[in-house]
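Subject: Structure handover

Hello,

Here is the structure we talked about. Please open it beside this email and follow along.

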Amino acid sequence: FFAELPRKIQKSWRDLLLGRAVTKPELEGQLKLLYTAVTRCIEQLFFAETSRSASGDAFVRWSTTTSIRQTALATRQNVDDVESMVMTQDEWIASGLENAELAEASEEMDLDDSLLLLEKALFCFEQGKENALAQKTRTHRLSLLLQRDLREQDPMCSKGSAAIELQSAEMLEQLLSENLLLEARRLMETSVLPHLGTFSQEKLEKSVLLRLQKHTASSSLED
């Protein structure tokens, strides 16, 4: 609000807030806007000043200290922490779970959309200090990045690649350690399998995919 006021009235606002002058006609329009904002809020009112100004600095001094008033009306906060002030730890975690579940909900969802949801989920878990879920989300995100990379490669050119087999095996191990069975199944079926040689495909289908399909099917019935 204050940083966007015209430069020519910055001094007038500063003098008014610091008690050096009375209201001037050129301030009436902004005063009406300020009055509307203050009187319409129900519980809390936030002033988000992203850059400094003469009037903004005067307002901070007027509202948060006792150098001008007998009692302070407000507390000064970091504008980057506004969300953390209005959400509890449990709310952050609940929001993270919602985004993570949406990212895993559909096989048909675009990978970029799923990655965006996981990034939101990770941010929420970090804010809620839920380290286990944050690590699980990081692993899920790495799997989606691998899927995207594999889908951009031509299976005819990369079929039987030892590097892809090693990378996929390491990713599968991480997914299983985090109990991300559905994501492990999707990674193997839709992205990894086309790049494997015949022997590796048969081994993967018999030793891994059948078990994953069984476990994920059981989980779906329980849900």
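Below is what was found, going from the whole chain down to single residues.

**The whole chain**

Keep one thing in mind from the start: this is a predicted model. The protein chain has 223 residues, and 30% of them count as buried. Its secondary structure comes to 11 helices and 0 strands. Read from the N terminus, the order of elements is simply α-α-α-α-α-α-α-α-α-α-α.

**How the helices pack**

Start with helix α5, residues 89-105, and its partner α6. Their axes come within 8 Å and cross at roughly 160°. An angle over 145 degrees counts as roughly antiparallel, so α5 and α6 are roughly antiparallel to each other. Their crossing is left-handed.

Now move along the chain. Helix α6 covers residues 111-127, and helix α7 covers residues 131-151. How far apart are the axes of α6 and α7? The distance is 9 Å, and the packing angle is about 160°. With that angle, α6 and α7 are therefore roughly antiparallel as well. The crossing of α6 and α7 is left-handed.

The structure holds 6 salt bridges.

Find Arg148 and Asp112. They form a salt bridge, with the closest N and O atoms 2.8 Å apart.

Next, find Arg141 and Glu119. In this salt bridge the closest N and O atoms are 3.6 Å apart. Arg141 is partly exposed, with a relative accessible area of 27%. Glu119 is partly exposed at 38%.

Asp15 forms a salt bridge with Lys11, and their closest N and O atoms are 3.0 Å apart. Is Asp15 buried or exposed? Its relative accessibility is 9%, and buried means under 20%, so Asp15 counts as buried. There is a further partner to look for: Lys11, Arg14 and Asp15 are linked in a network of salt bridges.

Next, check the backbone. Most residues other than glycine have a negative phi. Two residues here are worth a look for that angle.

Lys129 is not a glycine, yet its phi is positive, at about 55°. Lys129 lies in the loop between α6 and α7. Its relative accessible area is 64%, so Lys129 is exposed.

Asn179 also has a positive phi, near 60°. Where is Asn179 found? It is in the loop between α9 (162-177) and α10 (181-192). Asn179 is exposed, with a relative accessible area of 53%.

Last stop. Val38, Leu45 and Phe47 make a nonpolar surface patch of about 220 Å². Pick out Leu45 in the loop between α2 (28-40) and α3 (54-64). Leu45 is partly exposed, at 36% relative accessible area.

**Where to begin**

Begin with α6 and α7. Trace their left-handed crossing. Then find the Arg148 and Asp112 salt bridge, and the one between Arg141 and Glu119. Finish with Lys129 in the loop between the two helices.

Best wishes

Terms used:
Residues numbered from 1 in each chain as written. Predicted model: local features only at pLDDT ≥ 70, side-chain atom pairs only at ≥ 80, totals over all residues. Heavy atoms only, no water. Patch = residues over 30% accessible without salt bridge, like charges linked within 9 Å, V, L, I, M, F, W, Y side chains within 5 Å. Areas by Shrake-Rupley, 256 points an atom, 1.4 Å probe, with all protein chains shown as cover. Salt bridge = Lys/Arg side-chain N within 4 Å of Asp/Glu carboxyl O. Helix = DSSP H or I, 4+ residues; strand = E, 2+ residues; numbered from the N terminus. Buried < 20%, exposed > 50% of the residue type's maximum accessible area, 1.4 Å probe, protein only. Axes fitted to C-alpha atoms, helices over the stretch in contact; angles between N-to-C directions. Parallel < 35°, antiparallel > 145°, perpendicular 65-115°, else oblique. Left-handed = near helix turned anticlockwise from the far one by under 90°.
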